[in-house]
Each structure stands twice: as structure tokens, then as C-alpha cells.
Amino acid sequence: MVVEGYLQMIQAVITRLSTQSTTIKGWCVTVTAALLGFGVNATSVMVSVVAFYVVLVFAFLDGYYLGLERAHRALYRLAADEKVEPWSFAIQRPGVREVLRAMCSPSIALLYGASLAATTAVSVSVALK
């Protein structure tokens with residue numbers, strides 16, 4: 001018999017990871033907008049390069065959290081089917097391949113792709129000044 005408390009604990013971890021992903025997206029938009037706002041008036045593309053780097057770092061971090069969330073969802077399915085040791089929280093941490101796969105998710109690719117496009121546009125406009 002599946003212990004309901006165990007499944008609730010796994011679900012709580014999944015919820016926290018999902019909330020963290022939303023927070024990361026918010027921080028990325030805020031920091032990138034601030035840097036690009038400053039970068040539009042800059043005489044060097046260096047600010048845009050920093051913004052580009054920031055977007056990539058936030059995208060990788062968001063991909064990592066999505067990879068962790070997917071691992072916990074798999075644990076939840078195994079626990080619900082009673083195919084895992086009771087009260088075990090052992091998961092396979094996402095490696096680079098899983099993180100890159102998660103970064104291809106629409107929830108990540110669309111937001112960070114648009115941010116990279118905006119960063120590129122500001123870089124080009126500053127370079128053409």
C-alpha cells in the first residue's frame with residue numbers, strides 16, 4: 001500500500017522546484033531588462049555581452065531545476081506504483097545532457113530565446129552607432 005504522506009512529500013519537492021523555476025525566470029527578465037536598458041545608452045557592446053551571459057546562465061540554471069523536477073516526477077510515479085523503496089528520495093541528478101534536453105522545453109526555450117534575441121538586437125544597435 002502506498003503511503004500518502006510519502007507521495008505528498010515528493011509532491012512538495014516538485015512544487016518547490018516549479019516555484020523556483022518561476023522565480024529564476026522573473027530574475028532573468030528583471031536583470032536582463034536592466035542591463036539592456038543601460039546597454040542601449042552605452043557606447044560599448046560590453047553591457048550587451050554581459051546580458052547575453054546572464055541569460056545563458058539563468059537558462060542553464062532553469063534547465064537544471066526542470067531536470068530535477070522531472071527526476072522527482074519519475075520518483076513520484078515509481079512510488080505511486082510501489083516500485084521504489086518506501087520513503088526513499090534517491091533520484092538521478094540531471095547531468096549536462098538532461099539539462100540541455102530540459103532547456104529545449106518550450107517553457108525555457110521561448111523565454112530565454114526571446115531574451116537572447118533582444119540582447120542580440122541591442123548589441124547590433126550599439127555596434128552600429
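**A histidine, a core and a helix pair**

Guide: Start with His 72, which lies in helix α2. Keep in mind that this is a predicted model.

Visitor: Is His 72 buried or exposed?

Guide: Burial is read from relative accessibility, with under 20% as the cut-off for buried. His 72 has 9%, so this residue counts as buried.

Visitor: What does the side chain of His 72 reach?

Guide: The side chain reaches the backbone oxygen of Leu 68 at 2.9 Å. Leaving aside neighbours within four places in sequence, His 72 is also in contact with Ile 10, Val 13, Ile 14, Leu 17 and Ile 91.

Visitor: Which residues form the largest nonpolar core?

Guide: A core of this kind joins buried nonpolar residues through side-chain atoms within 4.5 Å. Here the largest one has 10 residues: Ile 24, Cys 28, Val 54, Val 55, Phe 58, Ala 59, Leu 66, Ala 102, Ile 108 and Tyr 112. Two or more residues each come from α1, α2 and α4, and α2 gives the largest share, five residues. Another core, of six residues, lies apart from it and includes Tyr 6, Ile 10, Ile 14 and Ala 79.

Visitor: At what angle do helix α1 and helix α4 pack?

Guide: Angles under 35 degrees count as roughly parallel. Helix α1 (residues 4-40) and helix α4 (residues 106-127) pack at about 10°, with axes 10 Å apart, which makes α1 roughly parallel to α4. The residues of their contact divide into 11 nonpolar, four polar and one charged. Among them are Ile 24, Cys 28 and Val 29 in α1, and Ile 108, Leu 111 and Tyr 112 in α4.

Notes:
Residues are numbered from 1 along each chain as its sequence is written. This is a predicted model: local features need pLDDT of at least 70, side-chain atom pairs count only at pLDDT 80 or more; totals for chains, interfaces and linings use all residues. Side-chain values use heavy atoms; hydrogens and water are left out. Axes are lines fitted to C-alpha atoms, for helices over the stretch in contact, and angles run from 0 to 180 degrees between N-to-C directions. Helices (H or I, at least four residues) and strands (E, at least two) are DSSP runs, numbered from the N terminus. Angles under 35 degrees count as roughly parallel, over 145 as roughly antiparallel, 65 to 115 as roughly perpendicular and the rest as oblique. Contact means heavy atoms within 4.5 Å. Ala, Val, Leu, Ile, Met, Phe, Trp, Tyr, Cys and Pro count as nonpolar, Asp, Glu, Lys and Arg as charged, and the others, Gly among them, as polar. Buried means under 20% relative accessible area, exposed over 50%, partly exposed in between (1.4 Å probe, protein chains only). A polar contact is a pair of N or O atoms within 3.5 Å; within protein, one must be able to donate a hydrogen and the other to accept it, and residues adjacent in sequence count only if both atoms are side-chain atoms.
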